[in-house]
Every structure is written in C-alpha cells, then in structure tokens.
Amino acid sequence: MTWAPLVSMSNLGVVISLAVIGGGLLWLLYRSLLAKEVDRRVIFLFILVSVAAPLLFPMTFEEQATPVVKAIFDKIESLPEGSRVLISFDFDPAMAPEVQPMANVVTQHCMVKGHKVIFMCLFATGQALLTQSLELIVSEQFPDKVDGIDYVNIGYKAGNEGVLNVIVSDFKKMFPTDVNSVPYDSIGVFKGIRSCKDLDMVFTIGGGKPGVKEWVLFVGDPGRVPVAGGVAAVVAPQMYPYYPKQLFGIMGGIKGAAEYESELRKTYPQFHDVDAPGLRMMGPQTLAHMVIMAFIVLGNVSFIVQKRRDRRRKR
Amino acid sequence: MEHLAVWIAALLTLGIISFLYKDNAWYKLSEAIFVGISAGYWFVVLFWDNVHGKFWTGVFPPEQYDAAGNVITEAPDYMLWVGAALGILMLMRLIPKIGWISRWPLAFIVGSTSGLYLINYFSSNMMRQVQGTIMPLFGMWPTDPTTGETVFQALPTYDIVGNVVILVGVFSGLVYFFFSKEHRGVFGATAKVGIFFLMVTFGASFGYTVMSRMSLLIGRVDFLFGTWLGLIK
Amino acid sequence: MRREVPLAITFFVGTLLIISVFLPPAEGLGEDFTVFFDIIAVFAFFLGGGNLVRVHLTKLSRRKEDWPYSIVTLLGFALMLVVGLFKLGNPGGIAASPTTDGSYFQSIFDSVLLPLGATMYSLLAFFVASASYRAFRAKNREATILLVAAFIILLGRTPFGMALTGFIPEQFDLFQVPNLAVWIMNFPNLAGQRAIMIGIGLGVVSMSLRLILGIERTYLGGDER
Amino acid sequence: MRCRQPGHTPLLLLALILLFVSTDVCVAQSEPDPAGSLMADTARVTVAPPTSVIVTDHKYDNGDALELSWVPSIDDRIPGGKVVRYQVYRSVNEGEYLPIQELLPGSNFFLDESLHRDSVYSYYVTAYSRNDSAMSVATAPVSPQREWLHVDRAWLFVIALIISLAVFYFIRAARKGEDLFIRKIAGLEAVDEAIGRATEMGRPILYIPGILDMDDVQTLAAITILGRVARTVADYEIQVRMPVSRSLVMTAARETIKTAYQTAGRPDSYSDDMVQYVTDEQFGYVAAVDGIMVREKPATVFLLGAFFAESLILAETGNSINAIQIAGTARPAQLPFFIAACDFTLIGEELFAASAYLSGEPKQLGSLKGQDVGKFIAMVVIIIGVIAATLAQAWEVPFMQQVYDALTFVFSTQ
C-alpha cells in the first residue's frame with residue numbers, strides 16, 4: 001500500500017486549499033458528533049472550493065493503476081525494444097477530450113521504450129487528431145525519432161471494419177503508401193510485416209463504431225494479435241466482457257489515462273515535468289469525490305449519534 | 001464584441017449559481033431572460049423546422065432540376081394537410097363555443113402515442129430483455145473462427161457468480177413488481193430480495209454518474225476563472 | 001358526440017398504428033403520424049406562447065410581485081421572435097437556416113442561452129453532493145444497501161480505492177474496490193435495470209390498451225362544456 | 001447527358017473521349033502506382049470475375065429493396081488475393097448500367113434500398129485488380145415485391161397478443177364483478193395524505209408532468225394520474241400549480257383538470273391559470289420551476305413523467321422547501337435521484353399502473369392483473385431458458401439446445 005506521495009503539493013495554494021477543506025471537514029465532523037446537521041449551503045461551498053482549487057492551483061493525485069490498465073503498461077514495458085505496435089485513433093473531435101490523453105500517453109510510452117509504432121485511424125475526422133498528437137508528442141518530446149524508421153503514419157482509409165478485415169491478412173492492399181505517399185516497401189517500420197498478425201500488439205482508442213469492439217472481432221480474434229483498447233467512461237462497462245481473453249487491457253475515461261500517466265511517471269521520472277492531461281483533469285474530480293464521500297460519512301455519523309441519543313432519551 | 005459576450009455569459013452564470021445561496025434579484029433576472037429568450041428560440045426553431053420545413057415544403061415542393069435541367073421536383077404530399085387540419089382544430093380552443101373540438105387532435109395524439117409505444121416498448125423492453133437474460137450460466141461452445149472446431153470455454157468464477165446474480169436479480173425484481181399478491185411469506189421474502197437488487201442498482205447508478213456531473217461544474221468554473229478572469233494559465 | 005368522436009379517433013388511430021408494425025405496406029404510417037404530431041405541436045405553440053404573454057402581461061398590469069421581471073421575459077420573447085422569424089443578420093439571407101452561424105439569432109443563443117443552460121445543468125454537481133449527504137444514511141436495510149453500493153462505486157473512482165485494497169492478492173482481485181465496482185455495475189446493477197425495464201414494457205402495454213379502449217378517458221373532458 | 005441538336009453529336013462524342021482520356025491521366029497522376037518502382041508490379045494483374053450473381057427480393061418490406069449476392073472472384077482470397085475492390089452496376093428499367101456502390105474485397109452481398117415497386121432492375125458486379133477488371137454476367141431484370149405480412153415479427157405479435165388478451169380477460173372479469181386483489185402501493189397510498197397535508201398548511205400543490213411532449217408515454221401516464229389527483233384536489237379548497245414545458249401538455253392538462261372539477265361538481269373553482277406554459281427549453285423550464293418552488297413554497301410536489309438531468313435539481317429544490325415529494329419516471333437513469341431526494345418514488349411500471357390504481361375502478365384494476373400475467377410469462381421463460389441454455393452448453397443435452405434455440409428465436413425482435 002503506497003500512500004505517499006498520494007498528492008504532489010506543487011505550491012502554497014494547494015497546501016492552503018487542502019488545509020481549508022480538511023480543516024472544514026474536521027470542524028463539521030466535530031459538529032456531527034454533536035448530532036448537528038450540516039446546512040446544504042455549507043456542502044455547496046465545499047463542492048465549489050474542491051472543484052475550483054485544483055483548477056487554480058494545479059493539483060494532481062497519484063493514481064494506482066487498476067489491473068486492467070496495468071496490463072497494458074506491463075505489456076508495452078515487457079516487449080523488447082523495436083517491437084511493432086499499432087495505435088489506431090478511432091475517435092472524432094467530440095470524443096477527443098476524454099480519450100486523446102490515452103492515445104498520447106501510450107505513444108509516449110512506446111517512444112521512450114523504442115518501439116516502432118504504426119499510427120492509423122478508422123474515423124475520417126480522426127486524421128487531424130492523429131496529426132495533432134504526433135506533433136505534440138513525437139515531434140516535441142522525441143525530436144530524434146525519424147518518420148518511417150521509428151514510426152509511420154498511414155492515416156485514414158474508408159471502409160470501417162472492412163479495412164480491418166483486409167489488413168488482418170494484408171496491410172499493403174489497404175495501405176499501399178503512408179500519408180506522405182511513401183510506398184509501403186520503402187517504409188522501414190513495415191520491414192518484415194505483411195499483416196496485422198505480424199504485429200506485437202494493437203492499441204485502439206475509441207468507444208464508437210468502428211472501434212475497440214471491431215478490432216477485437218476482426219483483428220484480435222481471427223489474427224490472434226494482442227489487442228488493448230481505450231474508451232470513454234460510459235462505454236467502458238460494455239468492454240469488460242472482452243477482458244482479459246480478447247482484450248488484454250482496457251482504459252476507461254480520463255481516469256484510465258490518469259492511471260497510465262501515473263504509472264509512466266513512476267517508471268520514467270523524466271515525464272514528471274511533462275503535461276499529463278489525465279492527471280490534471282482528474283484533480284478536481286478526485287477532490288470532489290472525496291468531499292462527497294466525506295459528507296456521506298458525516299451524514300451517517302450525525303445520524304448514528306442522533307439515534308443513540310434518542311434511544312437514551314426513551315429509556 | 002466577443003468581450004461583451006463573455007461578460008454577459010459570466011454575469012448570467014453567476015446569476016444562476018447565486019440561487020444556491022438563496023433566491024435573489026440577480027437570479028430572478030437571469031431566470032426571466034432565460035425563460036423569455038428560450039421560449040422565443042424554440043418557437044422560431046419549431047416554426048422553421050416543422051411548419052416550413054416539413055409542412056410547407058412537403059405540400060408545395062420547391063422546383064428542383066438535375067444537372068441536365070430535367071425537373072425532378074418531388075410530388076406534393078397531400079397527407080400533410082391532415083396534420084395541418086388537426087393543428088387548426090387545436091386552435092379552436094380560442095373560440096369558447098366550439099372549444100370542445102380541440103379534443104379531436106388531442107385524441108389523435110393520445111391514440112398515436114399509445115399505438116406507437118405499445119409495440120415499441122414491448123419489443124425493446126420486455127422481449128429483448130427477456131432474451132438477454134436467457135444465457136448459459138457456466139460457459140459456451142463458441143466456434144473457433146480459424147480452425148472451425150468447437151471448444152468449451154468455461155467462464156471465470158466471477159462471471160458465473162455474476163450470471164447467477166443476474167438470474168436471481170431479474171426474477172426477484174419481477175416478483176417485487178407483482179401487483180396481485182401481498183408481499184408475505186416466501187413471496188414476500190423474494191420481493192424483499194428484489195428490493196435489495198433495486199437498491200444496489202440505484203446506489204450504483206448514483207455513484208457512477210457523480211463523476212460526469214462534476215465535469216459539468218468543472219467546465220463552468222473553468223469558464224469563470226479561465227475565459228473570464230484569466231486566472232488559469 | 002363530443003365524447004364519442006374523440007374516443008373513436010383514439011381507438012382507430014391506436015389500433016391502426018399497432019397493426020402497422022406487422023404490415024409492411026403500412027410501415028410508413030408511424031412516421032407520417034409523427035410528422036402530424038410535429039405540425040400540431042407548432043399550432044399548439046400559439047396557445048402556449050399566447051399563455052406566456054398573457055401570464056406576464058397580467059402580472060405587469062396588476063403590478064403583482066416581481067412584475068419588473070415580466071418585462072424582461074416579454075422583451076426577450078419578442079426579440080427572439082423578430083430576430084428569428086425575419087432571420088435578421090443572417091449571413092445566408094432568408095433562405096438559410098435560422099441557426100446559421102453568425103446570424104443574430106444564433107449569436108444570442110451562443111452568448112445567452114448556452115451559458116445559462118450549462119450553468120443550470122452544472123448545479124447538479126452541488127445537488128448530487130447535498131442529496132448524498134442526506135439520503136445515504138444507514139436508516140434501514142434497504143437504505144444501507146443503497147449506501148454501500150454507492151460508496152463502493154464512488155470509492156472505485158478515486159485513487160483511494162486502489163490504495164486501500166491494493167494489498168489483496170491477485171486470486172481475489174475481485175475484492176479490490178475498482179474491480180468490485182465494475183462487477184457491481186455489470187451484474188447486480190444490470191439485473192435491477194432489467195427487472196425495471198421488463199416491468200416498464202408491460203406497464204406501457206397495459207396503459208396503452210386502457211387508453212385505446214377508452215377505459216382511461218380523464219383527459220378527454222366531460223360531456224358538458 | 002442529353003444531346004439537344006443532332007449536329008452536335010460528333011462534337012459531343014469527341015468531348016467525351018477527351019474527357020475520359022483526361023480523367024485517366026488525372027487518376028494516374030493523383031494516385032501514383034504505389035509499387036511502381038518495382039518491375040514485377042507493372043505487369044498486368046489479371047483477375048477473374050465474380051460468379052453466380054443472384055438478385056432476390058428483400059423480405060418483409062413495402063417493395064422497396066432488393067438483395068444482391070454473388071460468389072467472390074476466385075482471385076479474391078485472403079490473404080494475398082488480387083482483387084482490390086468490387087463495383088456494383090445497376091440498370092433501371094433496362095436503361096444504361098451505372099455504378100452505384102463500391103465494395104471491399106471479400107464482399108459477397110449488397111442490399112439496394114429506396115427502389116420502386118413499378119420499376120425493373122438488373123445488376124452486374126465487376127471485380128478490380130490493381131490494373132485489370134472483370135465483369136460478371138448481368139442478372140435478369142427483377143422488380144422488388146411487396147409483402148403484406150411481416151412474418152419475422154409473428155412471434156412478437158403472438159406474445160403481445162397473449163398479454164393483451166390477458167388484460168382484456170381481467171378487465172371483463174372485473175366488469176362482471178369478480179373480486180380482484182391488488183396489493184397496496186406505498187407511493188400511491190401517500191397521494192391522499194400528501195394532498196391532505198397541503199390543505200392543512202393552506203399551501204399549493206405543484207404538479208410537474210416531466211419535460212417531454214404528449215408524444216411520450218410517460219407524459220400520457222402523468223396526465224392520466226393528474227386526472228385522479230385533480231379529482232381529489234377538487235374536493236378541497238387548495239390551489240394546483242402546474243407549470244409545463246410543452247404547449248400540448250398545457251392543453252391536455254387543462255382539459256383533464258377541468259373534467260375533474262366538473263365531475264366533483266365544482267366547475268366554478270376551475271381556472272385556466274392553474275396550468276401555465278413556461279418554455280420548451282429544458283433548463284429554462286427548470287430555472288422557472290425552481291423559482292416557483294422557493295417563492296410559493298408548495299406543500300406537496302408531484303414529479304411524474306419523463307425526466308432527464310433535471311430530476312435531481314427539481315427534487316433537491318423541492319426537498320429544500322420541505323415539501324412532500326411524490327416522484328415517478330420510467331427512465332432508469334433518473335430513478336436513483338428520485339429515490340435519494342423524494343419521499344415516495346414510483347418505479348417504472350408503478351408509474352403506468354398509478355392512474356388505474358388510484359381510480360379504484362374494478363375494470364382499471366383488472367388491467368393491472370393482465371400485466372402480472374406478462375411478468376409471470378417473463379419469469380417462466382427466463383427460468384426455463386437459463387436451465388436449457390446451461391444444460392445445452394455445459395453438458396451438451398441436444399433437446400435442451402433445441403429449447404434454448406427456440407426461446408431465443410421467439411424472443412428475438414427485429
């Protein structure tokens with residue numbers, strides 16, 4: 001059990017706001033022990049502070065990776081350097097805020113491990129997001145990686161799951177060139193790769209259709225390729241039936257991304273100073289969750305104290 | 001101009017949030033603006049979409065030509081007049097003497113809603129859910145797509161327990177909803193189990209939605225501190 | 001007559017739509033009737049909008065409490081009607097959709113209605129908290145179950161869930177809170193949802209039949225005017 | 001394209017030829033042969049045509065769709081086939097064949113929709129390799145057929161009919177005076193008490209029928225319950241406040257309350273002002289209702305009908321003014337919030353049963369018994385189905401497999 005450092009205290013603001021929230025809760029606990037109810041406006045104030053504070057003073061919580069997320073991290077970590085990983089951006093701008101952090105963090109991990117990555121997308125609108133991620137992650141953080149040798153962007157092909165049906169046996173038929181019109185056979189990443197079956201793993205991001213499910217049914221199962229997926233939080237429960245046989249790992253929502261980012265920071269400290277959108281966006285949510293749970297506890301404390309008192313009075 | 005829009009939005013945002021403290025003039029103003037403008041907004045949208053878009057262009061289709069100049073205007077849909085006639089009957093309420101005639105379109109609406117939903121809900125809620133619950137508890141014999149042979153795939157223990165839980169939960173939940181028997185004895189005990197399942201469902205769904213509710217507030221706070229005040233880097 | 005004709009209309013229309021599901025040639029009927037409904041709804045809006053104007057005019061003329069706000073409501077309503085029906089400032093002119101970007105109509109929507117709606121929606125975050133404080137108390141067995149289920153799910157969504165139960169060995173990883181949360185969502189939660197849904201399906205059948213058969217007729221009014 | 005003057009025909013032909021030549025060139029330029037650098041790939045890749053192209057009627061429609069199927073070209077094997085795509089061509093009324101759909105390798109089926117019953121259609125399919133193509137034999141002209149019965153939905157019909165007949169049966173039995181027992185439903189028993197409380201306190205009752213229009217069954221349920229509630233209210237001197245978000249609901253609600261007051265013999269106490277239209281906008285309506293709640297402090301709040309995210313906003317505001325709240329909806333996602341914040345909650349089916357229950361009329365209660373028959377069928381089918389499925393899959397009992405398949409088939413819906 002690792003408690004510390006559960007939260008990184010980046011500056012005075014964080015310390016003060018946490019102290020205010022914690023102190024306030026203690027005071028309320030004291031009042032609850034006297035069986036005094038908390039006014040709803042006090043609760044409202046706590047919620048407002050717990051959401052606003054992490055936004056004003058960036059506050060991140062160390063996330064413990066759940067097994068479903070840890071499985072993806074461990075797999076990428078255990079693959080030997082130079083393994084071929086396919087990352088598919090199967091989402092549109094509407095889904096992007098929730099799932100793009102996952103795509104980015106897995107890209108970071110693959111790059112730092114020295115895997116060779118094939119980027120593609122099944123959504124026409126995913127193309128722009130893919131380019132954006134490549135610029136943000138690969139060009140900025142890994143300037144020495146070379147297009148074509150360390151990674152390749154083969155872009156979008158229309159046909160939804162039909163595309164998968166083809167590439168599971170033949171990449172070149174569907175993607176004769178990459179987005180820069182470099183012919184398949186002159187792309188270093190593809191050396192020795194004929195189809196998806198030759199890949200070491202596939203990571204697909206997107207809760208829509210085609211998405212994770214189609215990758216499992218059309219590539220993972222028939223091609224016996226390890227597939228992992230990242231989806232929006234609301235879709236995640238629908239993916240669990242595929243775990244662990246057909247999907248070796250799942251990331252659900254911002255929380256999934258945050259867990260992965262945490263894990264990555266633990267193993268590669270150099271990422272501590274790099275922006276981690278998952279962890280950043282989880283800050284206010286986690287704090288608000290904890291405040292709500294604290295209030296549930298407070299409610300029960302004052303309820304039990306009240307009940308005891310009533311019983312004593314009856315006697 | 002954009003600055004003004006941000007300021008208006010910020011003031012209105014604060015007006016609504018101030019309601020949490022107590023009802024006040026600022027909230028009342030925001031509410032009055034909200035009600036007036038949104039009522040007008042929806043009337044305009046419905047008017048252009050339905051009266052113009054569906055009725056007018058359906059009854060008097062605009063002339064259209066294909067690339068070669070042939071007329072490909074669609075035939076007018078005379079059925080739409082029935083809708084308009086019913087709509088006009090609705091307006092008869094304004095004339096007290098024949099106001100009762102507005103019950104005809106009302107009767108039409110009630111009839112069509114009940115007719116449409118009867119089969120709809122029955123098939124998607126009852127039939128499909130019953131079918132979804134009919135499942136093997138322990139595992140399946142799926143056909144391997146590559147070799148064509150079938151292998152028994154036992155489910156993990158958690159899923160087997162889960163399947164049994166689903167069976168018990170659906171069954172006892174239905175017992176709870178039974179109207180024609182008092183909740184007593186074995187029947188009552190089963191109904192009690194049903195209530196427990198419903199409570200787990202409600203508690204779990206409540207807990208699950210909290211996070212998405214928080215993100216809405218995060219959006220608003222982000223707007224106030226970031227876009228408006230520029231405090232967030 | 002005043003009562004029989006509407007009852008006959010309900011019966012006829014309802015039966016027709018039920019049958020149409022099973023007759024391919026009548027398949028489009030449901031769609032047609034939905035369009036009728038949309039058209040009727042707009043006509044009805046004259047009644048609703050008229051009522052809105054009347055309510056606020058009365059408030060104004062009788063100087064009832066808070067009457068100044070009624071002026072704001074009426075002005076806002078009138079403003080949107082003028083701007084939207086005449087498509088003022090619409091870059092596409094009168095032929096374009098009223099919600100074209102850049103039109104006055106859409107600009108007002110973006111700068112006034114959107115923030116108002118989003119803020120009203122975001123109040124939920126506060127109410128979720130106050131409701132959990134009050135409702136999730138171990139008052140009796142049902143309430144305790146409600147509380148425990150909600151607490152596990154909430155805990156599963158914070159880092160504490162893993163921190164508290166991460167020590168549980170892998171064979172029993174179901175009892176690690178995040179996994180337990182997923183299991184609850186996938187099984188007991190699903191069971192409850194299904195029971196509710198099956199009940200709803202049957203409830204709708206029964207209520208629709210009562211309406212179509214005219215057993216339920218409170219909405220139709222009496223014989224006298 | 002149409003030729004307007006015969007004299008122009010040769011010119012037009014020339015233009016056409018030029019057009020084709022130029023597009024060919026364009027294609028060649030914009031899509032450089034990916035493997036053009038390799039000598040072997042410049043050779044012509046011949047390809048065999050798709051065979052056995054069959055067109056059949058799409059079943060159970062109004063005669064507006066045809067199904068086209070074929071055996072893929074023998075050169076379309078996975079992996080490593082030569083076919084890169086298929087193209088479907090269609091001729092309408094024996095006219096020119098035009099390309100209508102491009103399909104991926106491996107395809108063998110195409111559903112052509114939006115056709116007309118009085119036209120005839122024929123098709124052929126062409127397989128393309130990188131630089132060659134082969135067309136199949138064209139099909140004989142066919143027109144889509146209209147079917148009169150949706151045979152796929154026969155079982156849906158039968159089961160819906162059984163349950164409807166059960167409802168009819170119990171309604172008739174009740175009419176004949178048979179005593180039908182219906183258990184007490186707590187949330188509905190509370191209705192009278194809640195109205196009584198408002199009377200004592202001299203404060204209004206607030207009735208919110210959800211935010212959807214009359215084209216939703218939950219709103220219908222809310223209106224039918226309103227009929228019963230208004231009937232009780234009419235007996236007391238209390239005010240009903242009913243802000244609504246749809247004009248049609250306003251009309252229906254007025255009609256309903258008016259009838260209730262007439263039945264109670266107090267038509268003069270009724271006023272149109274009881275029901276007030278606010279706005280169609282979801283949260284604008286919520287803002288207004290919240291305002292009404294805190295300003296008029298109703299003693300009793302009914303939240304019955306279709307609710308979305310606003311469920312908790314309304315219920316918590318109602319709770320803050322200490323009103324007794326009776327809520328009900330058929331939206332499972334919103335039920336938890338009502339359970340948490342309201343005094344009584346009608347869960348799904350109870351909402352639809354409420355007006356029958358409150359009416360207390362035997363024939364109405366009879367319809368509730370009919371529902372129970374449906375539940376009984378569901379329970380029996382689930383138990384038998386699960387046993388059959390488990391025995392069939394885990395122990396390979398063939399008869400059980402048949403039962404399993406049959407039940408799955410009967411309860412599958414299109």
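Predicted model: local features only at pLDDT ≥ 70, side-chain atom pairs only at ≥ 80, totals over all residues.
A residue counts as buried when its relative accessible area is under 20%. Chain D has 414 residues, and 55% of them count as buried.

Start with the make-up of chain D. Its chain holds 11 helices and 13 strands. Domain 1 covers 51–135, and domain 2 covers 191–342. How far apart are the centres of domain 1 and domain 2 of chain D? Taken over C-alpha atoms, the separation is 57 Å.

Next, find strand β2 of chain D, residues 66–71. This strand has two faces. Leu66(D), Leu68(D) and Trp70(D) make up the covered face. Glu67(D), Ser69(D) and Val71(D) make up the uncovered one. β2(D) also has partner strands. One of them is strand β1 of chain D, residues 51–57, which runs antiparallel to β2(D) and is joined to it by 5 bridges. Within this pairing, Val55(D) is the bridge partner of Leu68(D). Another partner is strand β5 of chain D, residues 109–112. Here too the sense is antiparallel, with 4 bridges. Which residue of β5(D) is the bridge partner of Glu67(D)? The residue is Leu111(D).

Now move to where the chains meet. Take chain D and chain C. Here 76 residues of chain D are in contact with 56 residues of chain C. The area buried between these two chains is about 5300 Å², and carbon and sulfur atoms give 70% of that area. There are charged and polar links as well. The interface of chain D and chain C has 3 salt bridges. One salt bridge is formed by the side chains of Arg228(D) and Glu216(C), at 2.5 Å from N to O. Polar contacts between chain D and chain C come to 15 residue pairs.

Turn to chain B and chain C. In this interface, 106 residues of chain B touch 109 residues of chain C. Together the two chains bury about 10100 Å², with 82% of it on carbon and sulfur atoms. Which residues of chain B lose the most area to chain C? They are Phe43(B), Arg103(B) and Tyr158(B), and together they account for 7% of what that side buries. Chain B and chain C also share 3 salt bridges. In one of these, Lys54(B) pairs with Asp38(C), and the closest N and O atoms are 2.6 Å apart. The polar contacts between chain B and chain C number 16 residue pairs. Several helices supply the side of chain B that touches chain C. Among the elements giving two or more residues are α1 (2–17), α2 (25–59) and α6 (185–228) of chain B. α2(B) gives the most, with 25 residues.

His56(C) lies in helix α2 of chain C, residues 29–61. Is His56(C) buried or exposed? Its relative accessible area is 10%, so His56(C) is buried. Beyond its neighbours within four places in sequence, His56(C) contacts Ser70(C), Thr73(C) and Leu74(C).

Finally, follow the salt bridges across the model. Over all chains the count comes to 32. One of them joins Glu255(D) and Arg103(B), whose side chains meet at 2.9 Å, N to O. Glu255(D) lies in helix α5 of chain D and Arg103(B) in helix α4 of chain B, so this pair joins two chains. Glu255(D) is buried, with a relative accessible area of 5%. Arg103(B) also counts as buried, at 5% relative accessibility.

Lys266(A) forms a salt bridge with Glu263(A), with the closest N and O atoms 3.7 Å apart. Both residues lie in helix α10 of chain A, 3 residues apart, which is about one turn of the helix. Their surroundings can be compared. Lys266(A) counts as partly exposed, at 44% relative accessibility, whereas Glu263(A) counts as buried, at 8%. This pair belongs to a network of salt bridges that also links Lys70(A) and Asp74(A). Chain A has a salt bridge between Arg41(A) and Asp39(A) too, at 4.0 Å from N to O. Arg41(A) is partly exposed, with a relative accessible area of 37%. Asp39(A) counts as partly exposed as well, at 42%.

Note on methods
Residues numbered from 1 in each chain as written. Chains lettered and ligands numbered in written order. Heavy atoms only, no water. Buried < 20%, exposed > 50% of the residue type's maximum accessible area, 1.4 Å probe, protein only. Pairing = 2+ DSSP bridges. Domains from an automatic or database assignment. Contact = heavy atoms within 4.5 Å. Buried area = accessible area lost by both parts, 1.4 Å probe. Polar contact = N/O pair within 3.5 Å; in protein donor to acceptor, adjacent residues only side chain to side chain.
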